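Open the model in your viewer and keep the selection panel at hand. The stops below are meant to be taken in order.

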Amino acid sequence: MLHEMRTADFDYELPENLIAQHPAARRDDSRLLVLHRNSGAIEHRGFRDLLQYLQPADVLVLNDSRVIPARLRGRNLRSGGHFEVLLLEQNGANDWWVLLRPGRRAGVGTRIGFRNARDEMSGIEACVTEINAEGHRRLCFSGIADIRDALTELGEVPLPPYIHRADSRFSEADRARYQSVFAQPPGSVAAPTAGLHFTEELLKEIRALGVEVCFVTLHVGLGTFAPVKVENLDLHVMHEERFCVNAETTRRINECKAAGRRVIAVGTTSLRAIEGLAAETGGRLEPKEGRTRLFIRPPHDFKIADALLTNFHLPRSTLLMLISAFAASNKTTGRELVLRAYREAIERRYRFFSYGDAMLII
């Protein structure tokens, strides 16, 4: 039963030196742990060995959301105090919900001026117009027609809190590598990290095998890093994320399932998008643009995905709960499988989290 699963069931000890601070020299140089769901067998491979696990006519589903340079440096125009602003979601042109630190100094009416990459005032300002129940601020920007046009100049890569940089403002390497090679529509404030391992050359080889490559868009929000604060999972309120699954992708997936072929989801975000749709329709997908709060934890009945490529996730996180559910569809035994694989990955010094190695659950 669902109520038997608790947050503490998804805890594990990770040595801090296994948290990857930089990506592999080449995107596809990372390692690949392969977990076979039915037998529990574990293999240790390189990421390029993924080709050996793909079959002609498989459908590979990737999340093509683009990470925006969402972290801005601001100054309180009245007191001169410094702010860090993380863009969360756009309501309209120059109208955004943001995470603002220190929030206690940013009441409604606070005016903020923004600095550029040279640490000069840019002439772009914002005013706090609202504060929601989560403590997020609503900012109305001025001094430019659309703040998105200034993000390349003003914004920094919104690296996760466990990746440390002496000065993130000048991290050109992160601008390139904390982004997939196939990223298209901007909107994520965290990278869909399973896609970071792919190169253009590898995708070409995958297509040459006869694998169909298609895309969904799910804009990753800050909530992906949010810890589960309740012990009873029934009480956890899942964060909301915007997604779009188009007609071309739904057609390919529906044809694939009807023919008894395999759908392989790249990343928990792709999985969440397609399984969220399937949960609404009973199996056959329809094109949709919307929002999802789907919380996947054991046991969960997966209707679409037959394999999942993912990274290694934080202890006690909703992402670890999701892959535990996938490791044993409709059962609660996947947690033991996944945590055993994680223990082996730690023993063999795999690199964890966003810039780390990959795992194929098949």
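Predicted model: local features only at pLDDT ≥ 70, side-chain atom pairs only at ≥ 80, totals over all residues.

Numbering starts from 1 along each chain as its sequence is written, and side-chain values use heavy atoms, with hydrogens and water left out.

**The sheet.** Select the nine strands that form an open sheet, in the order β2-β1-β17-β16-β14-β3-β12-β13-β15, with mixed pairing. Strands (E, at least two residues) and helices (H or I, at least four) are DSSP runs numbered from the N terminus; two strands pair if DSSP finds at least two bridges between them. At the edges stand β2 (42-46) and β15 (288-292), each with a single partner strand, so one side of each has no neighbour in the sheet. From one strand to the next, the twist averages 25 degrees.

Next, select β1 (residues 31-35), which pairs with β2 in the antiparallel sense over five bridges. Valine 34 has glutamate 43 in β2 as its bridge partner.

**Helices across the sheet.** Angles run from 0 to 180 degrees between N-to-C directions, with axes fitted to C-alpha atoms, for helices over the stretch in contact; contact means heavy atoms within 4.5 Å.

- Select α4 (residues 247-258): it lies across β3 (59-63), β12 (212-218), β13 (241-245) and β14 (263-266), at about 125 degrees to β12.
- Select α7 (residues 334-347): it lies across β1, β2, β16 (307-311) and β17 (358-361), at about 150 degrees to β1.

How many residues of helix α6 (residues 318-326) are buried? Nine of the nine are, so α6 is largely enclosed by the rest of the structure. Buried means under 20% relative accessible area (1.4 Å probe, protein chains only). The cover over these residues includes α5 (268-281), β16, α7 and β17.

**The cores.** A nonpolar core is a set of buried Ala, Val, Leu, Ile, Met, Phe, Trp, Tyr and Cys residues joined through side-chain atoms within 4.5 Å. The largest has 68 residues, and those with the most contacts inside it include Leu33, Tyr342 and Phe352. Helix α7 gives the most to this core, with seven residues. A second, separate core of 25 residues includes Leu87 and Ile124.

**Last stop.** Select aspartate 95, in strand β7 (residues 95-101). Aspartate 95 is buried, at 18% relative accessible area. Leaving aside neighbours within four places in sequence, aspartate 95 contacts Glu89, Gln90, Arg138 and Leu139.

Notes: Buried < 20%, exposed > 50% of the residue type's maximum accessible area, 1.4 Å probe, protein only.
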